[in-house]
Amino acid sequence: AGCGACAGVCPTGAATYAAPPPTTLLERLRALLRTYHGAGGRDAVLLVHEARHGEPLIDALARLGRGLPARVLPLAVGEIGQLGLEVLAAPVALGASRVLLLLPPRKEPELSGLRATAEQVRALFEGLGYGADRLELLATDDPDELEARLWALPLVAPLPARDLVAIGGKRSLLRLVVDRLHEAAPSPVPVVPLPEGAPLGRIVVSVEGCTLCHACVGACPTGALAADPDRPMLRLKEEACVQCGLCRNTCPEKVIRLEPRACFEPQLREYVTLKEEEPARCVRCGKPFGTQSSIERIVQKLAGA
């Protein structure tokens, strides 16, 4: 139906809107806020809306009401459901004080993904000290309700105007925006927990039950999990993990769980060893042929047969 929901929640950019792509949206945001700040504007509130839904309401405010407050900057998009975490978080990273998403009530069944993404952004803002109320949602067809909401928005501490060049795919844009938020954060903590379903995070392995079968490595679509050709080992690069859950679902021992979070520690971009052990060796020739934990698991099962 072209609602854009799949593009909004896709963690890798495999599904994305072609008109416009996330880079174009971020460049529009960047130009809008740079112009506003360059003219001396402060405390910008970004009003994101679908053109066919929001423009009639804004026109009604101009003709019959008080109009938009001077600090409210409207940004029209084709489908509001297409907005991912990287776009919803970008305005604050670029120096806006607030973001208000104006939602069409008739599309409510299509917007569960957008609402979940908004909760992830709010958790990120809260964890970094910005305050969760910097992103709000309003589902209405009533211009009076919109006017009352906009004029009642309280001022928050102004953020420094910052620049951000939109380069790369959806995943790299997300990391760019998140890192920029961390650089300017009131509370730049090293790790921010995120709600379930967030596209950032790591896996946690119960090493006692892991047999290093590497089923998870074969299932991982992004290369976040890796083996070592020379010795039994399981490694993780958190930056590449999209929390898809394929590793958890594939694990025959059921010892993997997901931990959604935004991490800002240096090891984020490096492979970290989750488990390592000595290989099992043939009792006759001494040649390595498997992992010790796998052999022990087989022996245990045979003992109970």
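1. Overall composition. The chain folds into ten helices and twelve strands, where helices (H or I, at least four residues) and strands (E, at least two) are DSSP runs numbered from the N terminus. The model is a predicted one, in which local features need pLDDT of at least 70, side-chain atom pairs count only at pLDDT 80 or more, and totals for chains, interfaces and linings use all residues. Residues are numbered from 1 along each chain as its sequence is written, and side-chain values use heavy atoms, with hydrogens and water left out.

2. Extent and burial. The C-alpha trace of the chain spans about 90 × 40 × 30 Å along its principal axes. Of the 305 residues in the chain, 48% are buried. Buried means under 20% relative accessible area, exposed means over 50%, and partly exposed lies in between (1.4 Å probe, protein chains only). The accessible areas come from the Shrake-Rupley method with a 1.4 Å probe, and for residues only the protein chains shown count as cover.

3. Salt bridges in general. Side chains of opposite charge can pair when their charged atoms come close. A salt bridge is taken here as a side-chain nitrogen of Lys or Arg within 4 Å of a carboxyl oxygen of Asp or Glu. The whole structure holds 19 salt bridges by a search of this kind. One network of salt bridges links Glu50, Arg52, Glu79 and Lys107.

4. The pair Glu108 and Arg115. A salt bridge joins Glu108 to Arg115, with 2.7 Å between the closest N and O atoms. Glu108 is partly exposed at 31% relative accessibility, and Arg115 is likewise partly exposed, at 32%.

5. Glu119 and Arg122 form a salt bridge through their side chains, at 3.7 Å from N to O. Both residues belong to helix α5 (residues 112–127), where they are three residues apart, about one turn of the helix. The relative accessible area of Glu119 is 44%, which places this residue in the partly exposed class; Arg122, with 24%, is also partly exposed.

6. A pair between a strand and a helix. Glu136 and Arg149 are joined by a salt bridge whose closest N and O atoms are 2.8 Å apart. Because Glu136 lies in strand β4 (residues 135–139) and Arg149 in helix α6, the pair ties together parts that are 13 residues apart in sequence. Glu136 is buried, with a relative accessible area of 17%, whereas Arg149 is partly exposed, with 26%.

7. A negative surface patch. Which residues form the negative surface patch? The patch consists of Asp141, Asp142, Asp144 and Glu145. Patches are made of residues with over 30% relative accessible area and no salt bridge; like charges are joined within 9 Å, and nonpolar side chains (Val, Leu, Ile, Met, Phe, Trp, Tyr) within 5 Å. The place of a charge is taken as NZ of Lys, CZ of Arg, CG of Asp or CD of Glu.

8. Asp144 in its setting. Asp144, one of the residues of the patch, lies in helix α6 (residues 143–152). Asp144 is exposed, with a relative accessible area of 54%. The C-alpha atoms of Asp144 and Gly65 are separated by 7.8 Å, although these residues are 79 residues apart along the chain.

9. Cysteines. How many disulfides does the model contain? The count is zero, a disulfide being a pair of cysteine sulfur atoms within 2.5 Å. Cys6 is in no disulfide, and the nearest cysteine sulfur, that of Cys3, is 6.5 Å away. Cys6 is exposed, at 53% relative accessible area. The sulfur of Cys247 has its closest cysteine sulfur in Cys244, at 6.1 Å, which is too far for a bond. Cys247 is buried, with 8% relative accessibility.

10. Backbone points to inspect. Two residues in the loop between β6 and α8 deserve mention, namely Leu212 and His214. Leu212 has a phi near 55 degrees, a positive value in a residue other than glycine. The loop that holds Leu212 runs between β6 (201–205) and α8 (215–219), and Leu212 counts as buried at 4% relative accessibility. His214 is not a glycine either, yet its phi is positive, at about 70 degrees. With 22% relative accessibility, His214 is partly exposed.

Terms used:
Lys and Arg count as positive and Asp and Glu as negative; His and the chain ends are not counted.
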